[in-house]
Amino acid sequence: MKLPLDITFRNLDSSPSLTADIQEKADKLELFYGDIIRCNVVLEAQHKHHHKGNLYHCRIEISVPGEDIVVSRSPQDKHSHEDAYVAIRDAFNAAKRQLESFAEKRHAHSA
């Protein structure tokens, strides 16, 4: 099943490459929890700083039955988030961990 995905770009132009990367990572989330209702991803370029290039912030909202899981990865002086792909990767890795934890709690609660 293709999960409903909404991607928003703020302060940067949308890119087919970034969109494909987000789509691929979002599709993989279903491997960790199959009952995802929807997924919203916001990729935002922060304002330029004098000593740094653009820093990127990625926020992911995942709706599952009975709960919303929100992951927000801010740059906070992480030079690695000068690369939008790294910000996306970090956010989706955190989303994966949260979904795994949610699935474990749900399984333990129903057992």
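Is Lys28 buried, partly exposed or exposed? Lys28 is partly exposed, because its relative accessible area is 43%, where buried means under 20%, exposed over 50% and partly exposed in between (1.4 Å probe, protein chains only).

The model is predicted: local features need pLDDT of at least 70, side-chain atom pairs count only at pLDDT 80 or more, and totals for chains, interfaces and linings use all residues. Residues are numbered from 1 along each chain as its sequence is written, and side-chain values use heavy atoms, with hydrogens and water left out.

**Architecture**

The protein has two helices and four strands, taken as DSSP runs numbered from the N terminus (helices: H or I, at least four residues; strands: E, at least two). Along the sequence they follow the pattern β-α-β-β-β-α. Of the 111 residues, 38% are buried. Among contacts with a separation of 6 or more, 59% join residues 24 or more positions apart; a contact means heavy atoms within 4.5 Å.

**Nonpolar core**

A nonpolar core is a set of buried Ala, Val, Leu, Ile, Met, Phe, Trp, Tyr and Cys residues joined through side-chain atoms within 4.5 Å. The largest such core holds 30 residues, of which Leu43, Ile60 and Ile62 touch the most other members. Two or more residues each come from helix H1 (16-29), strand S2 (38-45), strand S3 (56-64), strand S4 (67-73) and helix H2 (84-110). H2 gives the most, with 10 residues. Beyond four places in sequence, the residues touched by Leu43 include Phe9, Leu12, Leu18, Tyr56, Cys58 and Ile88.

**Aromatic pair**

Rings of Phe, Tyr and Trp (its six-membered ring) pair if their centres lie within 6.5 Å; planes under 30 degrees apart count as stacked, over 60 as edge-to-face and the rest as tilted. By this rule there is one aromatic pair. Tyr33 and Phe102 form it in an edge-to-face arrangement, at 5.2 Å centre to centre with 70 degrees between the planes. The pair links distant parts of the chain, with Tyr33 in the loop between H1 and S2 and Phe102 in helix H2, 69 residues apart. Both Tyr33 and Phe102 are buried.

**Largest pocket**

On a 1 Å grid over the protein atoms alone, a pocket is an open set of points where a 1.4 Å probe fits, with protein on both sides within 12 Å along at least five of seven lines; lining residues have an atom within 4 Å of a point. The largest pocket has a volume of about 150 Å³, that is, the space filled by probe spheres set on the points, which are joined across faces, edges and corners. Its lining consists of Glu24, Lys25, Lys28, Leu29, Phe32, Arg89, Phe92, Asn93 and Lys96. The lining divides into three nonpolar, one polar and five charged residues, counting Ala, Val, Leu, Ile, Met, Phe, Trp, Tyr, Cys and Pro as nonpolar, Asp, Glu, Lys and Arg as charged, and the others, Gly among them, as polar. Lys28 itself is in helix H1.

**Sequence-distant C-alpha pairs**

| Pair | Sequence separation | C-alpha distance |
|---|---|---|
| Lys28 and Phe92 | 64 residues | 9.5 Å |
| Pro4 and Ile36 | 32 residues | 8.6 Å |

Pro4 is found in the segment before strand S1 (5-10) and counts as partly exposed because its relative accessibility is 39%. Leaving aside neighbours within four places in sequence, Pro4 is in contact with Ile37, Arg38 and Cys39. Asn11, in the loop between S1 and H1, has a positive phi of about 65 degrees although it is not a glycine. Asn11 counts as exposed, at 57% relative accessibility.
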